[in-house]
Amino acid sequence: MNYLAPSILAADFCELGKEIEIVEKAGVPYLHIDIMDGMFVPSISFGMPVFACVRKCSNLFMDVHMMVEKPERYVEELIELGADGVTIHIEACDCIDETLKKIKKLGAKPGIAINPKTPVSEIIPYMELVDMVLVMTVQPGFGGQSFIVECLDKIREVRRIIDKSYPDVKLEIDGGVRLDNLEMNLEAGANVIVTGSAIFKGDIETNVKEFLKRM
Ligand code: DX5
Ligand code: ZN
């Protein structure tokens, strides 16, 4: 099964509630929430007050992507606010093991993310602890960038590891995903597809339907 996860980073924040309602009604299963701290990545997106409002206006699975240094500081609060999945970057956390376990213990699904330059081998020690691996397909920090084609090999590599030993783990990709590269990503083995601009720019409902048709 494949899941579409629109990233609200590309939404019109003045119309956020309305735009979330459109994607939800159009049938997406996940909402991707990009939290950026201006340290791990150059930009700052939004934080807890915005996430709390988003949670209240939607029943979708809240897939929180922490592009934040020391994400362990926020796990508890996020889950209290209603995060369903919390994904932390391997490059941003010195206590990955502990943090993934904490996410699970608090009742959410733990995920581990790797940047385009981080080798896949680094996630292997944590595979037992995660519900999802996120392979970044752009340098994290901004929406609207171009997909890095070299990342396809990493997606395939993670897919092999999952299929061999962790069949329940999901494989999410994030960054530069559009209708014209969706198929090759699904073929490479991704099954949770994050997309921001390709959903929220233009007609949102049509965009969602076009994606869902091809998934
Ligand atoms: C990038 C974020 C992405 C971003 C994707 O750092 O993690 O989730 O919103 O946006 P698009 O699909 O426009 O590349
Ligand atoms: Zn993201």
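Two strands pair if DSSP finds at least two bridges between them. Helices (H or I, at least four residues) and strands (E, at least two) are DSSP runs, numbered from the N terminus. By that rule, four bridges join strand 3 (residues 61-67) to strand 4, and the two run parallel. This is a predicted model, in which local features need pLDDT of at least 70, side-chain atom pairs count only at pLDDT 80 or more, and totals for chains, interfaces and linings use all residues. Residues are numbered from 1 along each chain as its sequence is written, and side-chain values use heavy atoms, with hydrogens and water left out.

**Pairing and crossovers**
- H65 stands opposite T87 of strand 4.
- Between strands 3 and 4 the chain passes through helix 3 (residues 75-81) in a right-handed β-α-β crossover (with the strands pointing away from the viewer, the path from the first strand over the helix to the second runs clockwise).
- Strand 4 also pairs in parallel with strand 5 (residues 109-114), over five bridges.
- I88 has I112 in strand 5 as its bridge partner.
- Helix 4 (residues 96-105) links strand 4 to strand 5 in a β-α-β crossover that is right-handed.

**K70**
- K70 lies in the loop between strand 3 and helix 3.
- Although K70 is not a glycine, its phi is positive, at about 50°.

Note on methods. Chains lettered and ligands numbered in written order.
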